[in-house]
Amino acid sequence: MQDNLIIVESPAKAKTIEKFLGEGYLVKSCFGHIRDLSKKDQLGVDISNHFQPDYEVPPDKKKVVAELKSLASKVKQVWLASDEDREGEAIAWHLMEVLKLDPDTTKRIVFHEITKNAILHAIENPRRVDMNLVDAQQARRVLDRLVGFEVSPVLWRKVQGRQGGLSAGRVQSVAVRLIVEREREVLHFKSVPFFKVNGLFEPVDGAAAFMLKADLSEKLADEAAALQFMEKCKTAAYSITGIEKKPTKKTPAPPFITSTLQQEASRKFGFSVSQTMTIAQRLYEAGLITYMRTDSTNLSDLALKSASETIEKLFGKEYAKTRQFTTKSKGAQEAHEAIRPSYMENKSIEGTAQEHKLYDLIWKRTIASQMADAQLEKTIVTIRVSTAPQTFIATGEIILFDGFLKVYTSSDDDESEEKADSGLLPPLQQNQALNAREITATERFSQRPPRYTEASLVKRLEELGIGRPSTYAPTISTIIQRGYVTKEDRPGTPRPYLQLLLQKQTITKKTLTEITGAEKAKLFPSDIGIVVNDFLNENFNDIVDYSFTANVEEEFDSIAEGKLQWNKMIGKFYTPFHENVDKTLRDSRPANAERRLGDDPKTGKPVFARIGRYGPLVQLGNTDDEKKQFAPLQKGQLIESITLKEALQLFALPRTLGLYEGNEITTSTGRFGPYVRFGSGFASLKKNDNPYTITLERAIELIEEKRRREKEKYIKTFEQDDIQVLNGRFGPYIAHAGRNYKIPKDVDPAALTLEACLSIIESQKDKEPTKRTKRVKRKA
């Protein structure tokens, strides 16, 4: 038996560490947190006893705990090697408490990379569990439990149209508020048209033929202004009145911290925040990168030396420049080194395509951060228009020395249409005369604020000081899972625009069309998200206040530094908060997003948009109207912005499409989405089908497709005994009385007799059913 037991969070991490240690060490995983706040009293916090938490080991962790207890009792030394952030420190403390380990003899070790040197160095320098870090994590957990468990029941009672299922959280509610406020900015934005003018110029003498593209120095307000300017251009002479060259440089970005890695992986690869963290966790546990939850841009001396050697070897000495970046974050919560490769010399790794992409990104960003500046020369050329006060400006940029650009270029969230053209300009001379080959004035439009992506939301939360590296991913996942926010693509809409062209002294005008407003992987608030946000803003302003939430994070940092007692911090918050909960339950008005949109011109009945039991809907007629009608809102529609015209169109369902095989086909929408109905059967519409425009031919295709699927699923039946033999996702099975029974692999399902089916059912009757299914109907 080994003398040493090392406990880590995950099996993958355990496997990697075990490779670096001798036979005297046994490395085991606790599979994350082994206990959490109790739910027996629906709170798990003893408020009257200084907010002492009541922890319990969940049922799914009891076997793990029992095994670890047994192993700990048989070894001479236990080492707690969970991650070095607050969550990791809390895991170590819970292990010490549950396994009843002696704090004086139990050794806590930390490392920010899983390499042999780092592990051996940690074992040579153990410490005690840091109770300041534990208290900071405990304060966050207790505060979030108090907020969630006290505010959520208020929402259940006060938000109309929903029976339970609503929740509030300190950080998640602020994230929803950001998304709701941005959506309202977008809805209220009024686009203003203007004209952007550019010209294509060539030399008068033609001795050195070239084409020079330049933009007018100012935007023109409208079509009249654009036409007036182009009329002046008909008789204008053009000449170069200024050529300004100035050296510039570009400096590399710092190595990644958690938030910047999440943002860049989203921009470059379309990874979600949680997806990025899952992949990074695998890379870390395999010993390929340093710890991935960090807010420090610092690199160790060893990493700096290794990066410099790698750069000199790959690119030459002139490309290397050692840099140490200053961390902007106020908090001291996380690991004290940036995310970097464990071994700088490893340019690539083995692994999945996603692991390879993320590792390559981390390697390039880290190496680039230690490379020389890129040296550039920017040229600005001014072109005079003899008949107008405006000038044309041409810009060019050339790279004199690529420096870090040889390896890496950062992305950004800029969605503006005006991307600067930069490149090499032709040889030009002061006062050189030019001809205008063509002048183009194109109608453009001011752009609305961009909706948040996951990446830009993380960036905004970080700017506000809300959340920490370990909280961004779960916060976004939570608000999406709870239906407050959706992440989706939306198609754009056609928009006409004017273009004026001056060519050979003639101005022509044409109307073109472009697609505008298309969205890719953006975050949209749902109606219920808007209602909950507005209710919290009105009644629990502190919870969704940006500065309050940021100040709470700073107080957690103070607890971690030993400057503040955690339960005093909670007490200061809780007393006024609890009083406000009682006041809100007693005095606040029920919340609903109900809007009266107007009256139906055909019937004169009022039309309302509101939240119903199964989601947002429009209602034709008053509540007491026995013939009132309902229709669910479609994807992309909000109670706050839907118009009377749009609402009335929703009552066009159900639509009769025609007859097929003597049966009427209709289309409508229900609780589970749009569908077509054929006799007594139903077929769901596909993602790109619209119940308001679907044709009879397309509906027949869906019906026949469903028939084929059910025919392939159906093998045989014994009607009198309510037994069906079916093909399923995981193989053939027997369906009987609402339960499924697996057919053994060596049995031919098509050859089953009634007696054989009953035998299989009897043999599996006492087993826990995997799931229940409805009886399959053979007709569409």
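**Exercise 1.** At roughly what angle do the axes of helix 8 (residues 258-269) and helix 11 (residues 353-369) cross? Classify the arrangement of the two helices.

*Solution.* This is a predicted model, in which local features need pLDDT of at least 70 and side-chain atom pairs count only at pLDDT 80 or more, while totals for chains, interfaces and linings use all residues. Residues are numbered from 1 along each chain as its sequence is written, and side-chain values use heavy atoms, with hydrogens and water left out.

Step 1. Helices (H or I, at least four residues) and strands (E, at least two) are DSSP runs numbered from the N terminus. Axes are lines fitted to C-alpha atoms, for helices over the stretch in contact, and angles run from 0 to 180 degrees between N-to-C directions.

Step 2. The axes of helix 8 and helix 11 come within 11 Å and cross at roughly 120 degrees.

Step 3. Angles under 35 degrees count as roughly parallel, over 145 as roughly antiparallel, 65 to 115 as roughly perpendicular and the rest as oblique. Helix 8 and helix 11 are therefore oblique to each other.

**Exercise 2.** Determine how helix 5 (residues 131-158) and helix 17 (residues 566-587) are arranged, and describe the residues of their contact.

*Solution.* Step 1. The axes of helix 5 and helix 17 lie 11 Å apart, at an angle of about 0 degrees. The two helices are therefore roughly parallel to each other.

Step 2. Contact means heavy atoms within 4.5 Å. Among the residues that make it are Leu143, Leu146 and Val147 of helix 5, and Phe573, Tyr574 and Phe577 of helix 17.

Step 3. Ala, Val, Leu, Ile, Met, Phe, Trp, Tyr, Cys and Pro count as nonpolar, Asp, Glu, Lys and Arg as charged, and the others, Gly among them, as polar. The residues of this contact divide into 15 nonpolar, three polar and four charged.

**Exercise 3.** Identify the residues that touch the most other members of the largest nonpolar core.

*Solution.* Step 1. A nonpolar core is a set of buried Ala, Val, Leu, Ile, Met, Phe, Trp, Tyr and Cys residues joined through side-chain atoms within 4.5 Å. Buried means under 20% relative accessible area, exposed over 50%, and partly exposed in between (1.4 Å probe, protein chains only).

Step 2. The largest such core has 152 residues, of which Phe111, Leu155 and Val618 touch the most other members. Helix 5 gives the most to this core, with 11 residues.

Step 3. Beyond its neighbours within four places in sequence, Leu155 is in contact with residues including Leu166, Tyr484 and Phe535.
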